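Could you walk me through the aromatic rings in this protein?

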Amino acid sequence: MNKSPDAQPMEKIVSLCKRRGFIFQSSEIYGGLNGAWDYGPLGVELKRNLKNYWWRVMVHERDDVVGLDGAILTHPAVLKASGHVEGFSDPMVDCRLTNQRFRADQIPLQSGTVFIYEFARDATPPPEALLVLAQLAETDAEPRFDKQTIGPADAVDLAKRIATRHGLSIPPPTRDPNSIEMFLLDVVATIRKGEPEMADKFLAAYQPDKRRISGEEFRVLIRDGVPESNAEKTAREFYRKRGLHLPVVSLKPTQRVENNRDFNPENGAELTQPRPFNLMLETYLGAVADESSKAYLRPETAQSIFVQFKNVLEVSRKKLPFGIAQIGKAFRNEINPRNFTFRSREFEQMELEYFCRAEEGMKWLDYWLEERLKFYENIGIPRTKLHAHEIPDEERAFYSKGTYDIEFDFPFGRQELEGVAYRTDYDLQQHQKASGKSLEYFDEETKQRFIPHVVEPSAGVDRAVLALICEAYEEDTAPDEKGKLETRIVLRFHPRMAPIKCAVFPLLKNKEPLIAKAKEIIDLLRPHMNVFYDEGGAIGRRYRRQDEIGTPFAITVDFETLGEKDPALRDTVTLRDRDSMKQERVPIKELVSILASRIR
Ligand code: GAP
């Protein structure tokens, strides 16, 4: 089994996800909805396995955590108190050429030469000048001066006719506006001796201030190694969009910049100044859409936990430290959804708010960071690909005393999977202040009342699913039925996460006893795990299909199972392992316990 040496590009992963039914673009048949994704039959299983495992280790296997399932629709007062209405925004910039929108902090640092254009004039003659050209060309065809037809081609055609009439040997212009302007001026200047009045009339009507002008300054960055001629092309396109058909641009001295974020990384065009863009999605409840009926789709699951803190505390009768866990949808109007599901507008979070005493906040931060790293390892993401990035003081939320980002090496770079933050008592204080309701904890032993502090591990379901798929994706070579090596795609999911745990195949599809036995095994396993029955095609093909979707185990019912060759092997099957491709012979009655122990 040889591992393919090349890195797996995202296109292959995205294509496999669609082909095998993990993830589809939302509203695909209508052209797709940017930032929204639909999970197909296998994707939904993978996602459920992840969420169930998170719930198991974060809630069921602990005494100190209980769950909550809060509403998505959120009262504006909640998000005002939390600071989201005022401050949940990203700095946004627009490309001045294409109007493409970017998050300012995601623009890569760039170095190169900045070309500064101070203004541009149109080389196209205005109607009065064009009329003079028509008269000089002595053409019967009246030039038409409506917006669609007046233009450079008319002017150049007329000037060419004038040149022919006067027998001038001025070379025709290129498509460059400078060249067209020069050509028109040269032709008219050359015939000026013979037709001074008409020539002067043209020159007066063709003064730059009589033509279309754009006084907007525009800057273009030419990164090191990119041809400088691109700058003028880009500038002309900019002025063309401002109504100049043939912009003749005016350049100021160039400037050198290093590590700069002011330019569109795709075309070098200048970006606008950053403006805050609130990421919250709002809606209106009831028949009348006005301020009083406004509600938000929650931007994080955390806030309902804080708002329900007192209720949950009372009903669960927990003592500090204790946590409230929640899995659910969150919505953010991301400026640039990108990298497949990594940055979406609708996504799911798995959040724990772990309430504790102030003096223990830092201890629990360290504890939860380690727990969360272990979690990822337990679902098949190796520690070597995980990184705990400590957020420096100046970048942390002002209320946080310590925050880590758990990052993963995605094929598109190292990116955040989860945040683990010590949020102090900020959220509960805010909600207590805004609602006027006490959110204090009463300590029976010390008889003190206080607002607990909180440590929050906040994970993204979709990001973790994407990390699982990226980590599992592999191409290797494996022998086909005839022993010839062929490339196989295999998703090496941890058995705990795999959408289908075990496939069951009858060796042949036209042998009733084999089929009956295989179906008996399906019925035996189904209450314990997600299984899949397949009788189509050669066994090797059937294995490949399962490898490609990450099924860790496959059972084949053959003639030995029926006891036809050796009675001792009756009611035994081959159990094949996806990764080693080894097969072992096991009794049917032991299948449940063998498989259950491997997938748990
Ligand atoms: N309550 C804290 C909070 O929401 P966050 O860092 O904004 O913190 C937590 O989000 C996690 O939610 C992220 O680490 C990420 O996994 C996930 N997440 C955030 N925005 C996302 C988006 N636009 N698309 C997919 N996942 C996202």
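Here is a short tour of the aromatic contacts.

The model is predicted, so to speak of local features requires pLDDT of at least 70 and side-chain atom pairs count only at pLDDT 80 or more, while totals for chains, interfaces and linings use all residues. Residues are numbered from 1 along each chain as its sequence is written, and side-chain values use heavy atoms, with hydrogens and water left out.

Searching the whole structure turns up 25 aromatic pairs. Rings of Phe, Tyr and Trp (its six-membered ring) pair if their centres lie within 6.5 Å; planes under 30 degrees apart are stacked, over 60 edge-to-face, and the rest tilted. Two of the pairs are set out here.

| Pair | Centre to centre | Angle between planes | Type |
|---|---|---|---|
| Tyr367 and Trp368 | 5.0 Å | 85 degrees | edge-to-face |
| Phe398 and Tyr426 | 5.3 Å | 85 degrees | edge-to-face |

For accessibility, buried means under 20% relative accessible area, exposed over 50%, and partly exposed in between (1.4 Å probe, protein chains only). Tyr367 is partly exposed at 27%, whereas Trp368 is buried at 0%.

Finally, the charges. A charge sits over a ring if NZ of Lys or CZ of Arg is within 6 Å of the ring centre and within 35 degrees of the ring normal. Arg372 places its charged end over the ring of Phe375, 4.2 Å from the centre. The charged end of Arg576 lies over the Tyr543 ring, 4.3 Å from its centre.
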